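Here is a short note for a colleague who is opening this structure for the first time. Please keep the sequence and the model in view while reading.

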Amino acid sequence: MVNTWIAATLVAVIAGVVGFFVVLRGAAFVAHAIPHGAFGGAAGAVLIGVNPIAGLGVFAVGGALGIGWLGRRGRHDVATALALVLMLGLGALFLSFSVEYAAAIYSLLFGEVLGVPSDELLPIAGLGIACIAALAVLYRPLMLTSIAPEVAEARGVGAQRIETGFLLVVALAATMTVPVVGVLLMFSLMIGPAATAGSLTRSPRNAIALSVLLALATVWIAVAVSYLTNLPVGFFVGTLGAVSYGCARIWTARRRGRTAPA
Amino acid sequence: MNQVLRVLFAPGFFASGPVHAALVVGAVVALVTGAVGVFTVIRGQAFAGHALGEVGSAGGSAAFLGGANPLWGFMGIAVVAAGLIELLGLHRPRARDVATGLVLGAGLGLAALFLYLDATSSSTTGVAVTILFGSLFAVSQQMLPSIVALSAVSLVVIAVCYRMLLLSSLSSDLAAARGVPVRALGIAYLVIMAVAVSLAAETIGAILATALVVGPPATALRLTKRPGGALVVAGLIGVAAVWLGIVLAYDSYYWPPAGHGWPVSFFVVALVFLFYLVAGAVTGIAQARRSRRSESASRLAASGCAEHPGDAA
């Protein structure tokens, strides 16, 4: 249980920070596709008897590079969709070969936050630090290419290199979080809190801080309730994300409605 | 000749009832998703299409829990999700992206809950795999009439709205100026897409349905620039991928590891991806050749070449 709290907290911090950029860049599809597709790699790793994290890492990084490469030659969303289904199709193939699939697939897809072994904490923390470091380096060019692509181009910031870097950060985040919390939890945690924070504040620094806080609150509540009710943790995270965004939207709309006539 | 056929089609292929049903359902679904998918790709709604498929899996698992056919569950939730995406995602593309993501997250949460309840209430553990990854060979014969009817309705709606839909997909401003109800059409389109994705989810699985909705249309749009032609080409590519996938999956019972077929969804997805790459390579080569030809032609013209005096005249 202690391991779960530590792992969930680490995951929430990373998801909150990376999620801010995902929402800013309108990259929700990629943020969904990379962790989800990486699931195929974990299935393959289980099949050949390697640590699932290695399979996840290979598929996540391969998927990120593949999406970047295909996206330059065609529509970006089409490239993302096709890369995702190819990785998942491979996952389906690997699953059909392995013997005990139903339980394994379920925990990979929807997480098993209540059973984190302590030897997985170190790699999770390491990947998390790598993620934050990469984002700290990329922070200024990422903001520039996200908000004012023309200015970035004029300043000689390579939009494509930044895009690839960003995809790799998402891949890193996916690798560290999927084995703990599952594809679903990871994606919901990146989108829900960041979207809520984005609709409440305009300043990027405040939005990142708020997004991390909301992600932490979401995960802690979800883990606690899941522990009490025995229902899957992914259900609570997904629902809480949508509910918090809905509340934020209603609140801002009412505030705007109150100030507008005055 | 007979031997060639035997190598291509494993014995018993043409006599098997499930294979017949799979061939018919696969072709019908591929035609519908091809037609609907061309608009999905033109409108840039691949994410919404994928989200509807995955959210639908919540409905599929809920229907399984209640003992109903998963198709109705898929469709009910997918249509509701389509409405929510349209409602939340105002007019800006980025808001739409986030709205789709939120609906997808919430839907996946419900799917987690229902799949968990499925697994605990019935002792069959394979439900998650069937709903998420599907199997064409497991499509029940009784569902055939409903699948064909739903497909026909979707195709008719697409045919009736074809001109309006195309105009609003290419330029919503122009369509609005011409008096096309863009908002209503957008919602109607998402509902049709929800139906098409649900049909695909029933056949190749909820999370792989995207392959049929996005792959063949994107391939077709690489090969032809005319939208009408793209609808036909997308349908044909989809049917080719599904049928080849069925043949390969049937044959794979004789491949290693022996006595265990490879999943048909995998073959369909792999073929769809392969077609997309090949189409890109073909158009790339054609474009390079065309530009080289025009380049050498202009060089000839510039050097005042006398080889073709008639050209200059």
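1. Ground rules. This is a predicted model, in which local features need pLDDT of at least 70 and side-chain atom pairs count only at pLDDT 80 or more, while totals for chains, interfaces and linings use all residues. Residues are numbered from 1 along each chain as its sequence is written, and chains are lettered from A and ligands numbered from 1 in the order in which they are written.

2. Chain A. It has ten helices and zero strands. Helices (H or I, at least four residues) and strands (E, at least two) are DSSP runs, numbered from the N terminus. Of its 262 residues, 56% are buried. Buried means that 20 or more other C-beta atoms, placed from the backbone, lie within 10 Å of the residue's own. Take contacts between residues at least 6 apart in sequence: in chain A, 75% of them join residues at least 24 apart. A contact needs C-beta atoms, placed from the backbone, within 7 Å.

3. Chain B. Here there are 13 helices and zero strands. Of the 313 residues in chain B, 48% are buried. For contacts between residues at least 6 apart in sequence, the share joining residues at least 24 apart is 74%.

4. Where the chains meet. Contact involves 44 residues of chain A and 45 residues of chain B. On the chain A side, helix 2 (28-48), helix 4 (76-97), helix 5 (101-110), helix 8 (159-200) and helix 10 (233-259) each supply at least two residues. Helix 4 of chain A gives the most, with 14 residues. By class, this side has 30 nonpolar, eleven polar and three charged residues. Ala, Val, Leu, Ile, Met, Phe, Trp, Tyr, Cys and Pro count as nonpolar, Asp, Glu, Lys and Arg as charged, and the others, Gly among them, as polar.

5. The core. Which residues touch the most other members of the largest nonpolar core? They are A:Val18, A:Leu82, A:Val170, A:Ile191 and B:Ala78, in a core of 183 residues. Helix 8 of chain A gives the most to this core, with 21 residues. Such a core is a set of buried Ala, Val, Leu, Ile, Met, Phe, Trp, Tyr and Cys residues joined through C-beta atoms within 7 Å. Leaving out residues up to four places away in sequence, A:Leu82 touches A:Leu70, B:Val214, B:Gly215, B:Phe273 and B:Tyr276.

6. Helices 3 and 9 of chain B. Helix 3 (residues 46-66) and helix 9 (residues 182-204) pack at an angle of about 60°, with their axes 9 Å apart. That angle makes the pair oblique. The contact includes B:Gly49, B:Gly53, B:Gly56 and B:Gly60 of helix 3 and B:Ala194 and B:Ala201 of helix 9. By class, it has seven nonpolar, six polar and no charged residues.

7. Helices 7 and 9 of chain B. The axes of helix 7 (residues 143-170) and helix 9 come within 10 Å and cross at roughly 150°. Helix 7 is therefore roughly antiparallel to helix 9, a label for angles over 145 degrees, whereas oblique covers what is left after under 35 (roughly parallel) and 65 to 115 (roughly perpendicular). Among the residues in contact are B:Ile147, B:Leu150 and B:Cys161 of helix 7 and B:Tyr189 and B:Ile192 of helix 9. This contact has 14 nonpolar, three polar and no charged residues.

Notes: Axes fitted to C-alpha atoms, helices over the stretch in contact; angles between N-to-C directions. Contact = placed C-beta atoms within 7 Å. Buried ≥ 20, exposed ≤ 12 C-beta atoms within 10 Å, placed from the backbone.
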